[in-house]
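Work through the exercises below with the structure in view. Each task is followed by a solution in steps.

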Amino acid sequence: MSALRPQDKAPEAKSAQENSLAAADAGPFPFVGTDDASLRKLAILDEDEAFIESLKKLLLGKGYEIHAWRPGEDISAFLREAKPHMILMDTEIEGKNGFAICRELKGDSVLGSVPVLFASEKTSLKDRVEAVRAGGEGYFVKPLSPEPFLQALELMGVPHPDVPIRVLSVEDDPVQVAFLRKVLEGAGYLFEACLQPEEMLETLDTFNPDLLLMDIAMPGFSGFELARAVRQDSRFLMLPIVFLTVREKVSEYIEGLQAGSDDYLVKPVDPEILLNCVRTRSRRALLMRTLSNQDSLTLLYNRSSLMRQLDGFFSRAGRYGETLTIGMIDLDGFKKFNDTHGHQAGDGVLRDTAHFLRQKLRDSDVIGRYGGEEFVVLLPQLPVEDAFCVMDRLREEFASKEYTLPNGESVKVSFSGGLASFPNDGRNRETLLAAADAALYVSKRAGRNRLTIAGS
C-alpha cells in the first residue's frame, strides 16, 4: 500500500527526501547494525539437542549468532574458533562438572573475560553458589523463561564492549585534571573535564557521562551544592557521583552522602583505587539504569524513561536550535491478531518489532514502547522530510517480513505511523506527541500500513 505523502511540499523538500533515501541505500546512515559483524555471538555448551533447537528458535531474528558445540569436540578449540561474546553452558557436560570447566575458562588468557551463563535443570541454592564461585554471571533453570533470559543476554552487553564508559570531571585544578585524564584514558575510558563549574549543566547535556567526578572546594561553589543541583534533574538521578577532596573529615563525608554522592576519595588518590571505583560504580549504575528504564517485554525504553529522553532532546534542541523529529507507530489490527493467534504470539511479534527497529535505526535514535502495541521513535537532528523517507522504508520492509508463530504458522504484520517535528509542530513534548498521534490516526483512517507527516 502506498504511504500518505505531503502534497504541498516544495520541490527542494522532495529532493531532500530523495537524497535521504539515496543515502540510506548507499551507506551506514540512517541504517546501522544490520551487517553480520553486528551480531552478538553466543556459544552453547550443552548435549541436549532439543534445548539447543528451542534456543535457536527463541533467538531467531534477535541479533544473535549461535555457535553450538558438538559432543566429543574439544571445548577450548571450539570456543577459540567461535570467538563468542558470551557462553551458555550446562552444569554437566559429557560427565564432567560444568563449574570446573568454567573455572578453567576463567583462567584462560583469551577466554577468561567472556561472560558465562549456566542453564540447568538443577534448582538448589548450592548449585547457584557454585556457579558464582566458578565465575558465572547468571544461572537459569530449564526450561528457560524467555523474558528473564533475553533480558540477561541484553545486560551482558551493558556497557557494550565497543562503547567506553564516559567519565566527566568537575574540577578547577588543571594538574588534577591532567592526572585523571592520564589514568582514565589510559584504562580505555572516555574522559571530559569541566574546569568552570558554571558550564557543568551544559557539559552534562553534551557529554552525557556515565559517572561524575566532583571536586568539593571550587571557586564560587561547593561540590555538595553542585551535586544537589545535578540531582534536581530527573535524568541524572542515577548518575554515580564520586567526590574527590584533600580533606578527610567525617562531617564532609556525611554531607557528601546527603548531597547524593556514591563514594568519597581523598586526594592524592591511588590510581588503582580510582579505576576500581569508577569501574564498579559505573557498571552497577548502568545495569540499574537499564533495568529501571527498560520495558520488560521488548527491552526498549519504557514510557517514563522515554519521556525523560524526550525532555533531554527538547532541552538540547531548544538550546542549540536543532531539529527533532518524533515518530509514533502502531501495529495494525493487533487486537484482532491477539484474539486470533493468542497473546503469546502477540508478545513474540512485539519483541520482534522492537528488535527490527533497534537494528534499522541509528545508534543516536531513541526507541521506546509507548503502551500496548504503540512505539515512539525519537530522531534527533533529522528533518521531518528525511525522517519520512527513513520510516517509510522501514514500514515497507516491516510489512514484507514473515513471522513464524509458536504453532509454526507464518504471518505478516504491518504498522501505521505519524511524524511531527520540533519546532514546526510543537514547542513542548505534549504538543509534539499530540501532533504525531493525530498524524498516526490519519494513517489509520486512510487504510493503515501508511505514514503521515503532521499537518499534511
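A salt bridge here is a side-chain nitrogen of Lys or Arg within 4 Å of a carboxyl oxygen of Asp or Glu. The structure is a predicted model.

**Exercise 1.** Apply this cut-off to the side chains of Asp46 and Lys142, and state what the pair ties together.

Step 1. The N to O distance for Asp46 and Lys142 is 2.6 Å, and their side chains meet in a salt bridge.
Step 2. Asp46 sits in the loop between strand S1 (40-45) and H2, while Lys142 sits in the loop between strand S7 (138-141) and H6, so the pair links parts that are 96 residues apart in sequence.
Step 3. Both Asp46 and Lys142 are buried.
Step 4. For the whole structure, the search gives 22 salt bridges.

**Exercise 2.** Find how Asp339 and Lys335 are placed in helix H13 and classify the accessibility of each.

Step 1. Asp339 and Lys335 form a salt bridge, with 3.2 Å between the closest N and O atoms.
Step 2. Because they are four residues apart in helix H13 (residues 334-341), about one helical turn separates them.
Step 3. Exposed means over 50% relative accessible area. Asp339 has 54% relative accessibility and therefore counts as exposed. Lys335 is also exposed, at 62%.
Step 4. Elsewhere, salt bridges that share partners join Asp205, Asp233, Arg235 and Arg319 into one network.

**Exercise 3.** Take the pair Asp233 and Arg235, and decide the accessibility class of each residue.

Step 1. The side chains of Asp233 and Arg235 meet in a salt bridge of 2.7 Å, N to O.
Step 2. The class between buried, under 20%, and exposed, over 50%, is partly exposed.
Step 3. Asp233, at 23% relative accessibility, is therefore partly exposed. Arg235, at 30%, is partly exposed as well.

**Exercise 4.** Describe the second largest pocket by volume, lining and residue class.

Step 1. The volume of the second largest pocket is about 800 Å³.
Step 2. Its lining has 29 residues, of which Lys57, Leu58, Lys62, Asp352 and Thr404 are the closest to the centre.
Step 3. Helix H2 (49-59), helix H6 (146-155), helix H14 (343-360) and strand S18 (403-404) are the elements that each give two or more residues to this lining. H14 supplies the largest share, eleven residues.
Step 4. Sorted by class, the lining holds twelve nonpolar, seven polar and ten charged residues.

**Exercise 5.** Which residues make the nonpolar surface patch of about 340 Å²?

Step 1. The patch is made by Leu237, Met238, Met288 and Leu291.
Step 2. Leu237 is located in the loop between helix H9 (223-231) and strand S13 (241-245).

Definitions and conventions:
Residues are numbered from 1 along each chain as its sequence is written. This is a predicted model: local features need pLDDT of at least 70, side-chain atom pairs count only at pLDDT 80 or more; totals for chains, interfaces and linings use all residues. Side-chain values use heavy atoms; hydrogens and water are left out. Patches are made of residues with over 30% relative accessible area and no salt bridge: like charges are joined within 9 Å, nonpolar side chains (Val, Leu, Ile, Met, Phe, Trp, Tyr) within 5 Å. Accessible areas come from the Shrake-Rupley method with a 1.4 Å probe; for residues, only the protein chains shown count as cover. On a 1 Å grid over the protein atoms alone, a cavity is a set of points where a 1.4 Å probe fits but cannot get out, and a pocket is an open set with protein on both sides within 12 Å along at least five of seven lines; lining residues have an atom within 4 Å of a point. Grid points are joined across faces, edges and corners, and a volume is the space filled by probe spheres set on the points. Ala, Val, Leu, Ile, Met, Phe, Trp, Tyr, Cys and Pro count as nonpolar, Asp, Glu, Lys and Arg as charged, and the others, Gly among them, as polar. Buried means under 20% relative accessible area, exposed over 50%, partly exposed in between (1.4 Å probe, protein chains only).
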